[in-house]
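Dear colleague,

I am handing over the structure below, with notes on what was found in it. Please keep it open while you read.

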Amino acid sequence: MQTVNKSNIKKILILICSVAVSLAIILSIYSHNANAQEPYSPSPDPAVAPKGLVEVKMTVIGVDPIKNELETRLQFELKGIYKKGPTYPAQDLLMTVNGANVEDSEISFKEGKPMIVPALKFNLVKGKINNYPFDTHIAKVAISIDPLASIGKQFAPFQLNPVPLEFKFNADVPGFDISYKPMEENSSIFIYIDVSATRSIPVKFFSLVIIVIMWVLSIMALLLALKVMKSGKLPEVGMLSWTGVMLFAFPGIRNSQPGVPPVGTASDFLSFFWTEMIVVVALVIIGSCWLKRYHPPLDD
């Protein structure tokens, strides 16, 4: 019997290790490297060489799929005729941006004043959070900068045209792989990109590990309950407490997944709902056996 039990344990361990390795391989194949951003460079009209430009540096500092928000920080560096200082424009500028927290979608910059903007938030227009941990979310970002006409008239006529832009992108948000893709409308004077955010490989792997853990524990509880039912013996009280604790521990294990949304995600349908039901069935079987077979001692 001991040989058989050891053999079964080895098989179970080999199966669990095989599943873990398979999941790791699958996730590595479908991974998205957060640092491999799609390059972007302005493509100005070669007939008219720009005599100045504004470098726009966008850094993603937060992603909240529950609120459907992508939070970013913008930094500017001026060059050529637009430069009075590293971040001080030589004339009044007006930035148009589709930020969700920008009133009238416009931000103005005064001549000789630093170009500082608060953290910008963009709406996540695509993606379903219920697909966690395999959800992908997309935000559309549109940015353009123009000189204000009231100030621009003291400059050469070409300076009244939209300001040439150079775009740089950076993202390092824990738990997400973030990249961007320029759209067809994107140009040297109009930044129009899709910013895509997916769960990182460690998040996906950890979530799948939690799924496997809940399945293994629930199946163990069910097998134990079936063994107790077939044995005809009185189950120990410890079996009831162990199964009962597992029933209330699973919600905590489920919520330990990083950035997990409220109940109802894909990971819940893969494990949480079914494993909770299995544990309840096991608890009912063990409890019924205990009630049926327990006989209190007779008083002498």
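**Helix H3 and what follows**

Helix H3 covers residues 201-231, which is 31 residues, and at 1.5 Å a residue it should span 45 Å; its end C-alpha atoms are 45 Å apart, so the two agree. Please bear in mind that this is a predicted model.

The buried residues of H3 are Val203, Lys204, Ser207, Leu208, Ile210, Ile211, Met214, Ser218, Ala221, Ala225 and Val228. As background, an α-helix has 3.6 residues a turn, so residues three or four places apart point the same way. After H3 comes glycine 232, which has a positive phi, near 75 degrees.

**The chain as a whole**

The chain holds 5 helices and 9 strands. Read from the N terminus, the order of its elements is α-β-β-β-β-β-β-α-β-β-β-α-α-α. The chain has 300 residues, and 37% of them are buried. Of the contacts with a separation of 6 or more, 64% are between residues 24 or more positions apart.

**How the helices pack**

Two packed helices are described by the angle between their axes and the distance between the axes.

How do H3 and H4 pack? Their axes are 11 Å apart, at an angle of about 160 degrees. An angle over 145 degrees counts as roughly antiparallel, and H3 and H4 are therefore roughly antiparallel to each other. Their crossing is left-handed. On the H3 side the contact involves Ile210, Met214, Leu217, Ser218, Ala221, Leu224 and Val228, and on the H4 side Met239, Trp242, Met246, Phe250 and Ile253. By type, the residues of this contact are 11 nonpolar, 1 polar and no charged.

H4 (residues 237-255) also packs with H5 (residues 266-293): the axes of H4 and H5 come within 9 Å and cross at roughly 165 degrees. H4 and H5 are therefore roughly antiparallel as well, and the crossing of H4 and H5 is left-handed. H4 contributes Val237, Met239, Leu240, Thr243, Gly244, Met246, Leu247, Phe250, Pro251 and Arg254 to the contact, while H5 contributes Asp268, Phe272, Thr275, Glu276, Val279, Val280, Ala282, Leu283, Ile286, Gly287 and Trp290. The residues in the contact of H4 with H5 are 14 nonpolar, 4 polar and 3 charged.

**Two single residues**

Isoleucine 107 lies in strand S4, residues 106-109. Is isoleucine 107 buried or exposed? Its relative accessibility is 14%, so isoleucine 107 counts as buried, the cut-off being under 20%. Beyond its neighbours within four places in sequence, isoleucine 107 is in contact with Leu93, Leu94, Met95, Val97, Val102, Val117 and Leu120. Threonine 96 is 11 residues from isoleucine 107 in sequence, and the two are 6.5 Å apart in space, C-alpha to C-alpha.

Glutamate 185 sits in the loop between strand S8 (176-182) and strand S9 (191-199). With a relative accessibility of 46%, glutamate 185 counts as partly exposed. Once its neighbours within four places in sequence are left aside, glutamate 185 is in contact with Phe190 and Tyr192. Alanine 142 is 43 residues away from glutamate 185 along the chain, and their C-alpha atoms are separated by 9.7 Å.

Regards

Notes
Residues numbered from 1 in each chain as written. Predicted model: local features only at pLDDT ≥ 70, side-chain atom pairs only at ≥ 80, totals over all residues. Heavy atoms only, no water. Helix = DSSP H or I, 4+ residues; strand = E, 2+ residues; numbered from the N terminus. Expected span 1.5 Å × (residues − 1). Buried < 20%, exposed > 50% of the residue type's maximum accessible area, 1.4 Å probe, protein only. Axes fitted to C-alpha atoms, helices over the stretch in contact; angles between N-to-C directions. Parallel < 35°, antiparallel > 145°, perpendicular 65-115°, else oblique. Left-handed = near helix turned anticlockwise from the far one by under 90°. Contact = heavy atoms within 4.5 Å. Nonpolar A, V, L, I, M, F, W, Y, C, P; charged D, E, K, R; others polar.
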